[in-house]
Amino acid sequence: MQIKRNVVLAGLLCGLVGTANAAPKTPAYFNFFASPVRLDRYLRNMQAMESMRTVNEPKLKSDRSLEMQLRFTEQQRQGVLRWDFAPVAFSRVRFSVYNPNPERYKIFINARFVDSEKRVWQLNNGDKPLSSKKWNTMDAVLTETAVVTKKKGSADARGATPVFDYFDLVFSVQKDFTAVDQPFLLYLSGLECF
Amino acid sequence: MKRKISCLIMSLLLTGMFAQAVQTGEIFKFRPEPADGDEMVWYLIDWGDGTLTPTSHGLAKFSPDIPKVWRARGSYKIEPKSTTLSGKIIPLKGTKLSVTGSDLEVPSMIPAEQFVQNSPDSSPESGRAPESTDRPYIAQSIGLRFEKIHAIDTLILKKDADLPFPDSFGVEFSTDGGKVWNDIPSATYNHFPDPGEKEIRISLNGLAADTVRVTSYKPPEIADEQYALRLGDLRAEGPEELLFEMDADAQTAADWNNMWLVFGTAKNEILHYFVGYPWPTDRPDEGGLMMIGSTIWAQWNSMKISWLDEPAAKKYFENVVNNYPQDEHGLMGVSPGGFLHLDHSKHYVTPAIFICGISHWYLMHREKDFLQTRDKQSGVTLLEKMRKAMHYQLEDMEGKSGVMTVQDPEHDGTAKGMSGNYWDGWRFGYKSAYENTLFYQSLDWMARLERALGNADKADEYLALRAKVKEQFNEVFWNEKTGRFTGCIAKDGTNQDYGFTFVNLEALASGIATPEHEKKIFEWLNGDRIVNGDTSTEADIYHFKVAPRANTLAAEAVNPSFWDDWTMKVGPGTVGEYGTQIQNGGHIFYVSYYDLMSRLKTLGPADAMKRMQVILDEFHKDQLRRKPGNASGSTHLEGILREFPESGLVPLFFVTGIMGIEPDIEGLRIAPALPSGWRFAGIREYWFAGKKYSIRTERELINPVVNGDQVKVPADGIWLLKTDGTIVSCK
């Protein structure tokens, strides 16, 4: 099956999968860009991420994906996609990023989920860049894998399932990245939260 | 003993043992107890008669009033439940209801053809069931196509007899036969419980559409790894007639009505408080809003809601305006909470806005008791507060001289002054054109009120002063160099002219400008005349299409700047850089109302409609649900959604501009301004002085006609609908 063939469980490479079990059938939240809702109602492209739009190719689980155009500069080596939620509780996330760029352009990714207590649940991919010409799937149980940073006075992260307000998908390059000022495309398949 | 009986009755009421009673045909409202919790929730009411009503989602500490009209008498057990956004279902306390009266006929359905789509981009096909797919996230739709545009009140759907109901779906619609689809924020559900054999009735509140579809973004699994959307039934109820009727093409009429639905009543919006006030809804659910309770919105609130049959909104408005504080001199607070706007600065325009809003509200309702209601803190009546506010403008702010001046040294209009009005990014103060435009309007509204109350002398005094204010305004604020009104003249004499479109357009709409100045201003705005040094010129002024940029000279172009950087800095690379901030090169949509009214008044209906058509064309694409961000993540680039209920003024142009309806001293003034190609225009329901009317203007009509609550007036002429329901010519 095409989808399964193309999926690279980057999470396995990056240590993100943790103890993720089979996902429940209906996610607490999901979005595969199928509705006519304008992207800017819930997404924000920031810093080195110049623009975004839905496209029909490449696709993974639905008929569409999100094309993100980034342009890193000497000063701005980070591009952020912010995804706003109406407060919703979940503990596991799954999404895939397709990287059509050559292997030599090393683009790193991490995800930060911010909950209603303003705690930041961070998934790091360490020093592994996105694999080239493949879907890089991130599948992680936040409550087991994420590094949690809490603000002074906010509640402890253990216990009830956190209720999330937004998440930042952060793409970055390091100082040895030479292709600055050039546009790059990346694709996001969608988002499932359980 | 009495106390024990009272306690027993209260206890019985709370436990629902005493059934409530209602007549068939009446609107019954049920409010479930709030679900509580950190997640947002939506509610589903099982009415006990085989029907279910879902609501949109909101904060779990609130719950909505859910209306229901019963058609069959009997005893019913109402069972509510709530569902959190992650899918947790919480049963809530129900009640019993006794419905009496005669059984009513079931409303007829809108004739429709059913179609299906195997994916959102695929062509519609006749039939009842999309093909199954092995991919779970392929959105599928089942829809209805009507013969023409209808006002859809209710969409009814049922589960397939054999296959699962989609637990995730949304209602989408089109006004062009399915070329452009839009979502309905309040009718989008995840984790919808299995309805069994019950009928789901989704309120669409008169949405104008010729096509509607139910789209499941994750169709249910109907066989092993096979997914497909299946419904047992899909029907729609609602009349052919729209609220605003017009002799325009069907799409224009539908879009105009829907613009009012989004930004006027906000009935199909996700409202985190479950009502269109008191405070906005946050991302990602931002949309239209009915009103905001602060003093700053008092006039706009009255313009928007005073003609509606919305008892809860009326009650809120009348309560909140009695909570605006007023100091011993007469200056009004910015909101019920105090005198400072966001703990930052006073607004010296509040007395004018308060006067305009309350006068308008009174003249619409004619309830004298309202003017005698007393401030909760001071005990002063509303009428006394208004007169004191006017006194403050005339005396403390020297308005009687013809130019009102902000005397507060903190608001001196210089590059060190503080911001002092709605446009809180700018340091308006001292001799401010914005403040004086509102002052000019307040003289008119206070004069109308005083005359309506029998105080002709006072009214004459205000009108005489109004003429003086107009004369002074055109002298003091006109900038010969730029050919437009300046923002303000600072105490140090600086002319703060940044090409403020909002200042100039509201001034034009208020009628304060001379004909020569009107002409010059439109030459600038229409791009026929370039102002040297401006950052934005010609067509770029309307870069955002739906409204002009707030200012045509960048805040950062002048140093020291008139920009008040208490919230953000301006300049290259900053959050407030020109073109990326609503108040600095961005736009706030409401300004288009004054643009349309100005064009109607000075350039005529054809020019105004040309502008309106651009706005309607943009609305058609995405309902103007636009919230682009800048590179810093700030989404304050276009001021349309969320805290901008004044966006509803733009579709209101149909009522106040095309129909020309406005409350006046002895009644409702109707001064139609039909576009040349139109033979008629009308409003199906308009409330004035406690009575419901249907008001229509027709080009070929010679004399006005009143038949019960049906009022028809000729398109030529100015008419007065009096409080007793009779109509006379104003000429």
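First, conventions. Residues are numbered from 1 along each chain as its sequence is written, and chains are lettered from A, with ligands numbered from 1, in the order in which they are written. Because the model is predicted, local features need pLDDT of at least 70 and side-chain atom pairs count only at pLDDT 80 or more, while totals for chains, interfaces and linings use all residues.

Start with chain A. It has three helices and 14 strands. Those are DSSP runs, H or I of at least four residues for helices and E of at least two for strands, numbered from the N terminus. Chain A has 194 residues, and 45% of them are buried. Buried means 20 or more other C-beta atoms within 10 Å of the residue's own; 12 or fewer is exposed, in between is partly exposed, and the C-beta atoms are placed from the backbone. Now the contacts in chain A with a separation of 6 or more: 81% of them are between residues 24 or more positions apart. A contact is two C-beta atoms, placed from the backbone, within 7 Å.

Next, where the chains meet. Chain B puts in 39 residues and chain A puts in 30. On the chain B side, the elements giving two or more residues are β12 (168-174) and β13 (182-190). β12(B) gives the most, with three residues. By class, that side of chain B divides into 11 nonpolar, 14 polar and 14 charged. Here Ala, Val, Leu, Ile, Met, Phe, Trp, Tyr, Cys and Pro are nonpolar, Asp, Glu, Lys and Arg are charged, and the others, Gly among them, are polar.

Now the core. Which residues touch the most other members of the largest nonpolar core? They are Val88(A), Ile355(B) and Val650(B), in a core of 265 residues. Helix α8 (residues 433-452) of chain B gives the most to this core, with 11 residues. A nonpolar core is a set of buried Ala, Val, Leu, Ile, Met, Phe, Trp, Tyr and Cys residues joined through C-beta atoms within 7 Å. Look at Val88(A). Leaving out residues up to four places away in sequence, it touches Ala28(A), Tyr29(A), Val163(A) and Phe164(A), and also Glu39(B), Leu85(B) and Ser86(B).

On to helix packing in chain B. Take α5 (350-365) and α7 (382-396): the angle is about 140 degrees, and the axes are 9 Å apart. Axes are lines fitted to C-alpha atoms, for helices over the stretch in contact, and angles run from 0 to 180 degrees between N-to-C directions. So α5(B) and α7(B) are oblique. Under 35 degrees would be roughly parallel, over 145 roughly antiparallel, 65 to 115 roughly perpendicular, and the rest is oblique. From α5(B) come Pro351(B), Ala352(B), Phe354(B), Ile355(B) and Ile358(B); they meet α7(B) residues including Leu382(B), Met386(B) and Tyr392(B). The contact has 10 nonpolar, one polar and no charged residues.

Trp256(B), Met259(B), Trp260(B), Phe263(B) and Gly264(B) in α2(B) meet Val650(B), Pro651(B), Leu652(B) and Phe654(B) in α14(B). Count by class: eight nonpolar, one polar, no charged.

Stay on Trp256(B). It is buried, with 25 other C-beta atoms within 10 Å. Beyond four places in sequence, it touches Phe244(B), Met246(B), Leu616(B), Pro651(B) and Phe654(B). Trp256(B) and Phe653(B) are 397 residues apart in sequence, yet 9.9 Å apart in space, C-alpha to C-alpha.

Then α3(B), residues 298-305. Eight of its eight residues are buried, so the helix is largely enclosed by the rest of the structure. Those buried residues pack against α2 (250-265), α4 (311-320), α5 and α14 (649-658) of chain B.

Last, backbone points to check on screen. The peptide bond from Tyr277(B) to Pro278(B) is cis, with omega near 5 degrees. Pro278(B) sits in the loop between α2 and α3 of chain B. Asn559(B) and Pro560(B) are also joined by a cis bond, omega about 0 degrees. Leu342(B) is not a glycine, but has a positive phi of about 50 degrees. It lies in the loop between α4 and α5 of chain B, and is exposed, with 11 other C-beta atoms within 10 Å. Glu538(B), not a glycine either, has a positive phi of about 50 degrees. Glu538(B) is partly exposed, with 13 other C-beta atoms within 10 Å.
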